[in-house]
Amino acid sequence: MKLAPVRFYNTFGRTKEELRPAPDGAVRIYSCGPTVYRYVHVGNLRTFMLPDLLCRSLEYLGYATEQVMNVTDVGHLTDDTFDRGEDKMLVSARLENKSTGEIADHYTAAFLDDIRKVNIRPASHYPHATEYIAEMLDLIEKLIAKGHAYEIDGTVYYDIATFPAYGRLSRNSTDKLIAGARGEPDPRKRHPGDFTLWKAAGGHRLQVWPSPWGEGFPGWHIECSAMSMSILGERFDIHTGGADNVFPHHEAEIAQSEAVTGHQVVSIWMHGGLLMLSGARMAKSAGNFFRITELEEQGFDPLAFRYLALQAKYRAPLNFSTDGLAGADRALRQLRERIAGWSAHPGEDIAKVSEEWESRFRAAIADDLDLPAAMALVAELSRSSVTPPTKARLLTSWDRVLGLDLRRPAPEGSLPAGAAELLAAREKARAAKDFARSDQLREELGALGVTVFDTAGGQRIKK
Ligand SMILES: [Zn+2]
């Protein structure tokens with residue numbers, strides 16, 4: 001069967017490109033995953049939603065997928081060049097009085113719980129960085145042998161001057177790369193932008209491994225080169241991450257992987273837009289973040305966050321506010337109630353009409369995951385004159401991509417959409433002795449399936 005072409009925006013060339021997976025092969029996707037020394041926040045969840053939407057959409061269009069997401073359980077330092085800062089895994093371990101393994105297990109489990117809440121399906125593989133130290137050492141040795149890396153006192157640096165394409169992904173000039181090397185760079189480095197592949201243990205006792213250059217631990221960037229190529233091979237289709245991973249993380253990954261293999265490894269680089277809170281990027285380090293469990297405790301359906309995210313283009317920044325989330329929560333509940341009503345409605349399911357809508361939905365997701373267009377189609381279909389059973393069937397099918405649990409039954413005892421407002425209005429009308437209005441509202445409530453009767457203690461309802 002010939003599959004429909006799919007196009008994605010490739011950060012590398014800043015243009016949409018057609019996906020060309022190996023014939024009859026799965027679309028192979030690698031995604032930068034969580035660092036497990038802290039809880040993930042909803043900004044991280046938005047980043048992890050990108051590969052989920054990719055896999056769901058590709059599968060909907062008939063492609064098979066294989067997705068790898070790494071789990072960074074080697075603490076990488078605050079500063080990406082490893083010149084200063086403290087190891088985050090070790091800080092967490094000290095603060096929480098646990099071993100680094102216990103810390104990683106705890107936060108990995110929390111990460112899996114959190115992604116489940118927003119219907120992010122698990123990846124095919126979750127490799128842990130600590131399980132790939134040998135593969136990382138192998139890559140570093142190859143880079144040294146090929147003249148792309150050099151050692152100073154047990155620390156190995158990548159020599160960026162040996163890889164002319166360094167800076168192409170992020171469109172950084174060499175000047176900017178120097179400026180991008182924060183902190184006081186090691187004066188012995190050949191170029192201030194040279195990044196660490198292996199860091200000498202120094203005073204560290206935990207999470208250090210033997211290497212040809214003495215005890216130490218790997219840099220963050222080499223993890224992703226080692227795990228992606230070990231599992232997916234030296235050529236794979238898509239690499240995802242957040243917009244904040246473009247430089248230096250993915251720039252460094254290209255320099256490492258391509259210098260070792262001598263060819264292009266990743267076909268398409270896709271980056272998710274950041275989540276903004278009051279104009280600033282949601283970040284752990286800035287302290288301005290929400291966990292999905294916190295939003296749940298405030299009474300929001302976690303999938304309201306997913307609904308909110310689907311309404312923005314995945315590559316665009318998205319402003320987060322609790323007002324926006326409340327709107328998404330209401331809209332999602334109403335949509336579920338309407339679908340429940342439509343599916344119970346007698347009527348004809350018309351195949352010809354359904355095909356037209358279906359092809360528009362497929363076209364939207366095949367065009368660089370245009371979920372806002374898909375959500376606009378959901379709204380248009382809901383308002384349309386299409387028969388209720390056809391609406392219900394189409395939306396149920398589209399939910400395989402949207403992941404909004406559209407067929408979830410309303411919680412026991414909950415009111416249909418709009419009923420609470422009508423009840424409040426009727427309470428007011430009765431207080432004002434406007435009985436004509438009160439009777440009219442009673443009829444409107446009846447149409448929603450809510451029977452109202454008046455008692456000495458006020459109005460009561462029966463569903
Ligand atoms: Zn990565």
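The buried residues of helix α4 are I133, M136, L137, L139, I140 and L143, where buried means under 20% relative accessible area, exposed over 50% and partly exposed in between (1.4 Å probe, protein chains only). Seen down the axis of α4, these buried residues fall within an arc of 160°, so they line one face of the helix; the arc is that of the directions from the helix axis to the C-beta atoms. An α-helix has 3.6 residues a turn, so residues three or four places apart point the same way. The model is a predicted one, in which local features need pLDDT of at least 70 and side-chain atom pairs count only at pLDDT 80 or more, while totals for chains, interfaces and linings use all residues. Residues are numbered from 1 along each chain as its sequence is written, and side-chain values use heavy atoms, with hydrogens and water left out.

Helices (H or I, at least four residues) and strands (E, at least two) are DSSP runs, numbered from the N terminus. What covers the buried residues of α4 includes β5 (149–152), β6 (155–158), β7 (196–200), β8 (216–218), α6 (220–232) and α7 (246–261), with contact meaning heavy atoms within 4.5 Å. On the face turned away from the buried side, α4 carries the exposed residues A134 and A145. Just after α4, G147 takes a positive phi of about 80°.

Turning to the strands, β4 (residues 65–69) is mostly covered, as 4 of its 5 residues are buried. Strand β3 (residues 27–31) runs parallel to β4 and is joined to it by 5 bridges; two strands pair if DSSP finds at least two bridges between them. The chain crosses from β3 to β4 through helix α1 (residues 42–60), and this β-α-β crossover is right-handed: with the strands pointing away from the viewer, the path from the first strand over the helix to the second runs clockwise.

Aromatic rings come next. The structure holds 12 aromatic pairs; rings of Phe, Tyr and Trp (its six-membered ring) pair if their centres lie within 6.5 Å, and planes under 30 degrees apart count as stacked, over 60 as edge-to-face and the rest as tilted. The rings of F48 and F111 have centres 5.5 Å apart and planes at 85°, so this pair is edge-to-face. It links distant parts of the chain, with F48 in helix α1 and F111 in helix α3 (residues 100–117), 63 residues apart. Both F48 and F111 are buried, and together with Y126 they form one aromatic cluster.
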